[in-house]
Amino acid sequence: MDIRAEKDKFYAKLGEKGLKATTQRADILDVFLRSKQHFNIEGLLAMVRRKNPRIGYATVYRTLKLLTECGIACERDFGDGQTRYEHMTGDAHHDHLICLECGGIVEFENERIEALQDEVASRHGFEVMHHKLELYGICRQCASKRDKKR
Ligand SMILES: [Zn+2]
Ligand SMILES: [Zn+2]
Ligand SMILES: [Zn+2]
């Protein structure tokens with residue numbers, strides 16, 4: 001999906017729900033579609049407020065929910081009690097490495113892992129609709145900091 005298609009999809013969703021296409025929603029959409037991070041609602045709110053200081057938490061929250069329903073945003077839970085959102089650019093699937101020390105997130109794609117997962121599922125006669133693979137540990141930077149302390 002390109003940005004134009006994503007916008008069309010979002011506005012179609014608003015129409016479907018009988019919601020108005022307000023300037024605030026358009027501003028949130030703009031900021032979100034240009035983002036490439038994994039952020040929580042406060043993070044997006046801070047970015048959005050640089051563009052439009054009058055936007056509130058609830059509007060950002062509801063807009064993110066709508067974007068998630070459209071498949072434009074994806075909700076991520078990396079186990080620290082914070083829901084994060086990320087922009088699903090294109091159809092590219094990826095999985096995550098999450099650092100338990102600094103909270104840093106690295107994205108990866110590995111065809112062999114993907115193929116193995118499909119193989120396991122089909123062996124069980126299981127049809128996979130979607131999946132997420134999250135590896136938790138210590139990132140390179142944090143590991144080297146640890147080594148220096150020793
Ligand atoms: Zn995967
Ligand atoms: Zn780290
Ligand atoms: Zn990601």
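The model is predicted, so local features need pLDDT of at least 70 and side-chain atom pairs count only at pLDDT 80 or more, while totals for chains, interfaces and linings use all residues. Residues are numbered from 1 along each chain as its sequence is written, chains are lettered from A and ligands numbered from 1 in the order in which they are written, and side-chain values use heavy atoms, with hydrogens and water left out.

**View 1. Here's the zinc ion (ligand 1) with its protein donors**. His 93 (NE2), Asp 95 (OD), Glu 114 (OE) and His 131 (NE2) sit 1.9 to 2.1 Å from the metal (donors are N, O and S atoms within 2.8 Å of the metal, or 3.2 Å for Na, K and Ca; water is not among the atoms, so sites may look incomplete). The 4 donor atoms make angles of 94 to 130 degrees, giving a tetrahedral site (four donors with all angles between 85 and 135 degrees).

**View 2. Now for the two histidines, His 93 and His 131, and the loops they come from**. His 93 lies between β3 (83-87) and β4 (95-99), and His 131 between α5 (111-123) and β6 (134-137), so the pair ties together parts 38 residues apart in sequence (helices are DSSP runs of H or I, at least four residues; strands are runs of E, at least two; both are numbered from the N terminus). His 93 is partly exposed at 29% relative accessibility, and His 131 is partly exposed at 26% (buried is under 20% relative accessible area, exposed over 50%, partly exposed in between; 1.4 Å probe, protein chains only).

**View 3. Over to the zinc ion (ligand 2) and its cysteines**. Along the chain the spacing reads C-x2-C-x36-C-x2-C, and both Cys 139 and Cys 142 are buried.

Methods
Four donors count as tetrahedral if all angles lie between 85 and 135 degrees; four count as square planar and six as octahedral if opposite donors are over 155 degrees apart and all others between 65 and 115; anything else is irregular.
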